[in-house]
Amino acid sequence: MFPSWPMRFQTTPRGSSKSGGESTDSGSAVNTFSSKAEVQMESESPISKNASSSDHQAFDHQKHLQLQQQQIQQEMANDRSRTGPSQNQSAVKAPQEKRKGGGSTSEKQLDAKTLRRLAQNREAARKSRLRKKAYVQQLESSRMKLTQIEQDLQRARAQGLFLGGCGGAGGNLSSGAAIFDMEYARWLEDDHRLMAELRTGLHAHLSDGDLRLIVEGYISHYDEIFRLKGVAAKSDVFHVITGLWLTPAERCFLWIGGFRPSDLIKMLIGQLDPLTEQQLVGIYRLQQSTQQAEEALSQGQEQLQQSLIETIAAAGPVIDGMQQMAIALAKLSNLESFVRQADNLRQQTLHQLCHVLTIRQAARCFLVIGEYYGRLRALSSLWASRPRE
C-alpha cells in the first residue's frame, strides 16, 4: 500500500561536524546516565537481598531456639516422670529455700537466742543442784558434829570435868561454859593427832621444810585454845579462871586460868637437846622477863582480891548493901582482863621459844609439852580410879 522507498543510511565520521559532535555527546550523556542508573540499581539490589536474607535467618534462629526449649521441657518432663513426686517437691522447695535465704537472718538470730536461753536455764539448774547438794552436806556435817558434841559431853562427865564449880550443886553450867568445854574436848583430840604427827616426823627424820609445816600447825593449834578461852572468859570468867575445864591434877598447877610460863621454861631446859650458849642466853632472858610479867599480874590479882574483900565486908543492909554489891560486880569484871593478859603472856612465851630454838628443837619442845600434860591427865584418871578404903 505504501510506496517503498529506498532507505539511506548516512554514516558520519566521528567529529566530522559540530552538530554531529553535539549529537554524539548528548547520546553518550544519555547512555552514561542510563548506565549509572543501572549501576546504582545493581549496587542497591544486594543490600535489599542481604536485608531480606538476615530477616529470614533471624526468624529461622528464633524458631530453632523455640524448638530447643520445647525439647528441653520435654526431657525435664520425662525426668520428673521417672524420678517421682518426692524429688519434684524437693526441686520445687530448693528455689523456695534459696529465695528465703536472704531473709533467714532473723530466724537464725531467734535460734541463737533460744539456744542461749536454754544454756542459761541448764546452768541455773546445775547451780541449783549444787546448792541443794551443799545444803544436804551441811546438814549432814551439822548432824555429825552434834553427835560428836554429845559424845564429848558424855566423855567429859565421865572424866569428872563438870564436878563442883560455880554452876551450883547439881553441876549445871552456863551455855558459854558448856560450849567451851565441848570445844576444849575437840581441841584435845586434835592435840593427840598433832603429837602423833610430830613424833612420826622426828623419828622419820623429815626435812626441815616438812617439819616446819608441822610445827607451825602446832603453834596455830595453841593459838586456837587461847582464842577459845578469851571467848569463854567473856561469857563465864569464873569457869575459866578456876580451871573447871581441866583435870584435878592440872588444877594443882593452875595460874590465872592456865599454866605458868616460867615453870614451863624450867621444864623444857632440861628436856631439850644440848643448847648453844646463845640459845641459853636467849632462854634465860625470856624466863626472866616472863617471871617479871607473872609477878606483875599476880600482884594485880591480889590487889583485886583484897579490894573485893573490903568492898563486900563494908556492905551494909538494904540500900547501902546493894550499892556496895554493884561496886563489887564492877570490880569482878576486871578478872576477864587478867585472864586475857595471862593468856597473852603464855602465847608470847611459846612464840618466842620457837624463835630461839631450831626447827627440830621446836618440834621436840611441843612434843615434850604435850606429853607432860598428857601425863598429868593420866595421873588424874589414876587418882580418880584408885582403890578407896
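Modeller: A salt bridge is counted when a side-chain nitrogen of Lys or Arg lies within 4 Å of a carboxyl oxygen of Asp or Glu. The model is predicted, so local features need pLDDT of at least 70 and side-chain atom pairs count only at pLDDT 80 or more, whereas totals for chains, interfaces and linings use all residues. Residues are numbered from 1 along each chain as its sequence is written, and side-chain values use heavy atoms, with hydrogens and water left out.

Colleague: Which residues are linked with Arg186 in a network of salt bridges?

Modeller: Side chains of opposite charge can pair when their charged atoms come close. Arg186 forms a salt bridge with Asp190, with the closest N and O atoms 3.4 Å apart. The network joins Arg186 to Asp190 and Glu183.

Colleague: What is the relative accessible area of Arg227, the salt-bridge partner of Glu224?

Modeller: Glu224 and Arg227 meet at 2.7 Å, N to O, and they lie three residues apart in helix H5 (residues 208-235). A residue is buried under 20% relative accessible area, exposed over 50% and partly exposed in between, with a 1.4 Å probe and protein chains only. Glu224 is partly exposed at 25%. Arg227 is also partly exposed, and its value is 46%.

Colleague: Are Asp343 and Lys229 buried or exposed?

Modeller: Asp343 forms a salt bridge with Lys229, the closest N and O atoms being 2.9 Å apart. Asp343 lies in helix H11 and Lys229 in helix H5, so this pair ties together parts 114 residues apart in sequence. The relative accessible area is 4% for Asp343 and 3% for Lys229. Asp343 is buried, and Lys229 is likewise buried.

Colleague: How many salt bridges are there by this rule?

Modeller: The pairs discussed include Glu224 with Arg227 and Asp343 with Lys229. By the rule stated, the count comes to 14.

Colleague: At what angle do helices H8 and H11 pack?

Modeller: Axes are lines fitted to C-alpha atoms, for helices over the stretch in contact, and angles between N-to-C directions run from 0 to 180 degrees. Under 35 degrees counts as roughly parallel, over 145 as roughly antiparallel, 65 to 115 as roughly perpendicular and the rest as oblique. The axes of H8 (residues 261-271) and H11 (residues 334-356) are 10 Å apart, and their angle is about 25°. H8 is therefore roughly parallel to H11.

Colleague: Which residues of H8 make the contact with H11?

Modeller: Contact means heavy atoms within 4.5 Å. On the H11 side, the contact is made by Leu345, Arg346, Thr349, Leu350 and Leu353. On the H8 side, the residues are Pro261, Leu264, Ile265 and Leu268.

Colleague: What covers the buried residues of H8?

Modeller: The buried residues of H8 are Pro261, Ser262, Leu264, Ile265, Met267 and Leu268. Their cover includes helix H9 (277-313), H11 and helix H12 (359-384).

Notes. Helix = DSSP H or I, 4+ residues; strand = E, 2+ residues; numbered from the N terminus.
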